[in-house]
Amino acid sequence: SMAQLGDLQDNRGFRRARLGATGKVADNVSYLLEMDFALVGRPSFRDVRMDISDVPVAGNVRVGAFKQPFGMDELTSVKEITFLERSSLQGMAPFRQFGISMYDKSADENITWAASAFGTGTDPYGNSFGDSGYGTASRITAVAMEDKQADFLIHTGLGYSFINSPTNQLQYRGNPEYLGAQSVPGIPAGVSGIPIFTDTGLIAADNANLFNGELASTWGPWHAQSEMRYNLLNQTTGGSVGFPSFYAQTGYILTGEHRPYNKPQAVLGRIKPTNAIGKGGAGAWELAARYSWIDLNQGAASGGELHNM
C-alpha cells in the first residue's frame with residue numbers, strides 16, 4: 001500500500017457529531033429524527049422516519065429515510081459496533097435510502113423478517129431522483145441455538161437487495177474501513193486525507209443483485225460474527241460480473257462481561273461494564289480482531305482487491 005499510495009499522514013477531525021429526537025404521536029405511531037453535523041453536506045440527515053406498529057398483515061410499517069434491511073453489520077448501531085467503522089462490505093449495500101418497509105418478528109422473537117422498497121441514490125439530505133432509480137431489500141434471521149443459562153446463542157441470517165441505478169451507472173469504491181476525511185484533488189495523496197483504495201469507476205449497468213449470508217454467536221465473554229456478500233452486476237453490454245466480499249471478526253471481553261443479543265433487531269447488542277470507570281471500577285476491556293476482503297477485479301472492471309486486518 002505504501003508503494004502505491006505513499007506514507008499516509010496523521011489526520012484529525014470529527015467523525016460523528018449527532019443530535020436526535022424521538023417520540024410518539026399516537027400509541028402505535030413513533031418517529032425518529034437524527035442529524036449529523038460531521039458529514040459532507042453538513043448538517044446531514046441520518047434517520048428521519050415514522051413507524052406504525054400493529055398493522056394487520058404487515059406487522060409494522062416504516063416510512064422515511066432509514067437503514068435498509070440488509071446486512072447485520074450495517075444494522076448494528078454505531079454505538080454498539082465492535083470497531084470505530086463497519087467492515088469493507090458496507091460499500092456494497094443499500095444502507096440508508098428513502099422508502100417504505102414492512103417488518104415483524106415471531107412471538108418468541110427468535111425469527112425476524114423485513115422487506116422494503118426505496119428510491120436509490122439518496123443524498124445526505126434524504127432526496128433521491130431518477131425514474132429508474134428504485135430498489136428493494138429484504139432480510140430474514142433466525143436463532144439457530146440458544147442456552148440462556150450459559151449465555152450462548154447462534155444467529156443466522158440471509159439478505160437480498162436489488163438495485164436499479166437512476167443513471168444506469170453503478171460505481172463501487174472504498175478505503176480500508178475509514179470514513180473520515182478523503183483526499184482533495186491537487187494535493188498529494190496522504191496529505192489532505194485518506195485516498196480511495198479500490199474504485200471500479202462508473203460501470204454502465206442495468207442493475208445489481210446483492211446476496212448476503214450472516215453468522216454470529218455470543219458465549220459468555222466471547223462473541224463473533226461474519227458475513228459473506230456477493231454482488232451480481234448486470235452490465236448494459238458485456239454480460240454479468242460478480243464481486244465477492246467477506247469479513248470475520250471476533251472479540252473477547254477481558255473483564256468478563258457478556259455481549260448480549262438484541263432479538264428484535266437481530267444484531268449483537270451493547271456491552272455494559274459491570275464496574276464502570278469513575279465508580280470505583282476499571283470499566284470493560286476487550287480484545288478484538290477483524291479480517292475483511294473485497295475483490296472488484298472481475299470482468300472488465302479493475303477496481304482493485306483489498307485485504308484489511
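Glutamate 74 sits in helix 2, which covers residues 72-75. In this predicted model, glutamate 74 counts as buried because its relative accessibility is 2%, below the 20% cut-off for that label.

**Glutamate 74 and its surroundings**

- Which residues does glutamate 74 touch, not counting those up to four places away in sequence? They are Lys67, Arg86, Leu89, Gln90, Ala93, Phe95, Glu227 and Arg229.
- Leucine 89, one of these contacts, is 15 residues from glutamate 74 in sequence, and their C-alpha atoms are 9.1 Å apart in space.

**Threonine 120, in a loop**

- Where does threonine 120 lie? Look for it in the loop between strand 6 (111-119) and strand 7.
- Is threonine 120 buried or exposed? With a relative accessibility of 4%, threonine 120 counts as buried.
- Leaving aside neighbours within four places in sequence, the contacts of threonine 120 include Gln97, Ser128, Phe129, Tyr134, Ile163 and Pro166.
- Between threonine 120 and glycine 99 there is a C-alpha to C-alpha distance of 9.0 Å, with the two residues 21 apart in sequence.

**Two loop residues with positive phi**

- Valine 57 has a positive phi of about 70°, although it is not a glycine. You will find valine 57 in the loop between strand 3 (44-55) and strand 4 (59-67).
- Valine 57 counts as exposed because its relative accessibility is 86%, over the 50% cut-off.
- Aspartate 151 also is a residue other than glycine with a positive phi, in this case near 50°. Its place is the loop between strand 7 (134-147) and strand 8 (152-163).
- Aspartate 151 has a relative accessibility of 34%, so it counts as partly exposed; that label belongs to values between the 20% and 50% cut-offs.

**The nonpolar cores**

- The largest nonpolar core has 19 residues, and the members that touch the most others are Leu170, Tyr172, Leu233 and Phe243.
- Two elements give two or more residues to this core: strand 12 (203-219) and strand 14 (240-253). Strand 12 supplies the largest share, with 4 residues.
- Apart from this core lies another one of 8 residues, including Met72, Leu153, Ala216 and Leu268.

**The chain as a whole**

- How many helices and strands are there in the chain? The chain has 2 helices and 18 strands.
- Along the principal axes, the C-alpha atoms fill a box of roughly 55 × 50 × 35 Å.
- Of the 309 residues, 41% are buried.
- Among contacts with a separation of 6 or more, 58% join residues 24 or more positions apart.
- The accessible surface comes to about 16,000 Å², and carbon and sulfur atoms account for 58% of that area.
- There are 24 positive and 29 negative side chains, and the centres of these two sets lie 6 Å apart.

Key:
Residues numbered from 1 in each chain as written. Predicted model: local features only at pLDDT ≥ 70, side-chain atom pairs only at ≥ 80, totals over all residues. Heavy atoms only, no water. Buried < 20%, exposed > 50% of the residue type's maximum accessible area, 1.4 Å probe, protein only. Contact = heavy atoms within 4.5 Å. Areas by Shrake-Rupley, 256 points an atom, 1.4 Å probe, with all protein chains shown as cover. Lys, Arg positive; Asp, Glu negative; His and termini not counted. Charge placed at Lys NZ, Arg CZ, Asp CG, Glu CD. Core = buried A, V, L, I, M, F, W, Y, C linked by side-chain atoms within 4.5 Å.
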